[in-house]
Amino acid sequence: MEKQLLRIQVAFFLQQLLERPDKFGYRIADNTKIFSDVVPIVIPAPPGPPIEMPLCILNSLDGKYTLALSKTRADFSFNIPIDLPDCAKFLEEFPNSFKDIHEAILKDNALSRIGIVLSVFIENNKSQTLVINRFIKDKKIANAKEVSVRYNRPEIFNKIDLNVIHDWQAGVELLTPQGQKIGLLINIDINTDGKNKISKDFVYKLWEFTTEKVLALSEVGDE
């Protein structure tokens, strides 16, 4: 049974508008290892674009990392699937990859919110039954072709209020280099609610909290 961490996204929400995301993108390229030697892609904006619209994008030369910059946020993503059972060391070291970006943001700005989104795929031809037994326990839908469960469970971590959103989608077809696979797609979205002041190092503590959630998913399907 294949289990993979498909994608990671860390979203930094800015207190003050980033008037020139393109200039900030060039600064990132000049001051980070991951995006060194990268020419930022500047997206021409139509008149009056939404402030959430990405206006500058950086892609690492190895294709693993992406940074999308808008006037209100910076979204850092890791895009290469890795095996979930073997990813503990990777998760432990991952904050090193966005440390330079985080510090660059804090030079001229502050964070209002932080969000972390992770996607996990578990290959399982009976993933519908797995989700039904885990959450619903209703025999009337035992033969359902697709089953989805989404819930938002507020939590408090380090005196910061969090929204922790779980989205379980069973019967998902995923196209991979090895062919099409069927299974369970789990998205976890952890974000602060914006009501509390965020300390400089909170994102790293939140990542430890997130790591525990992800590693727990490595046992899904074994029961």
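Helices α3 and α5 are roughly antiparallel to each other, a label given to angles over 145 degrees, where under 35 counts as roughly parallel, 65 to 115 as roughly perpendicular and the rest as oblique. The model is predicted, so local features need pLDDT of at least 70 and side-chain atom pairs count only at pLDDT 80 or more, while totals for chains, interfaces and linings use all residues. Residues are numbered from 1 along each chain as its sequence is written, and side-chain values use heavy atoms, leaving out hydrogens and water. Helices (H or I, at least four residues) and strands (E, at least two) are DSSP runs, numbered from the N terminus.

**The pair α3 and α5**

- Helix α5 spans residues 202–217, and its axis is 11 Å from that of α3, at an angle of about 155°. Axes are lines fitted to C-alpha atoms, for helices over the stretch in contact, and angles run from 0 to 180 degrees between N-to-C directions.
- On the α3 side the contact (heavy atoms within 4.5 Å) is made by P95, F98, K99 and H102, and on the α5 side by V203, Y204 and W207.
- Five of these contact residues are nonpolar, one is polar and one is charged. Here Ala, Val, Leu, Ile, Met, Phe, Trp, Tyr, Cys and Pro count as nonpolar, Asp, Glu, Lys and Arg as charged, and the others, Gly among them, as polar.

**The two faces of α1**

- Helix α1 covers residues 21–31, and its buried residues are P21, D22, F24, G25, I28 and A29. Buried means under 20% relative accessible area, exposed over 50%, and partly exposed in between (1.4 Å probe, protein chains only).
- These residues lie on the same side of α1 because they cover an arc of only 160° around the axis, taken from the directions from the helix axis to the C-beta atoms.
- K23, D30 and N31 are exposed, on the face turned away from the buried side.
- The cover over the buried residues of α1 includes β2 (41–42), β3 (56–59), β4 (65–69) and α3 (95–108).

- A29, in helix α1, counts as buried because its relative accessibility is 7%.
- Leaving aside residues up to four places away in sequence, A29 touches F35, S36, D37, V38, P40 and L58.
- S119 is part of strand β7, residues 111–123, and is buried at a relative accessible area of 14%.
- With the residues up to four places away in sequence not counted, S119 touches Q4, L5, L6, R7, L185, I186 and N187.
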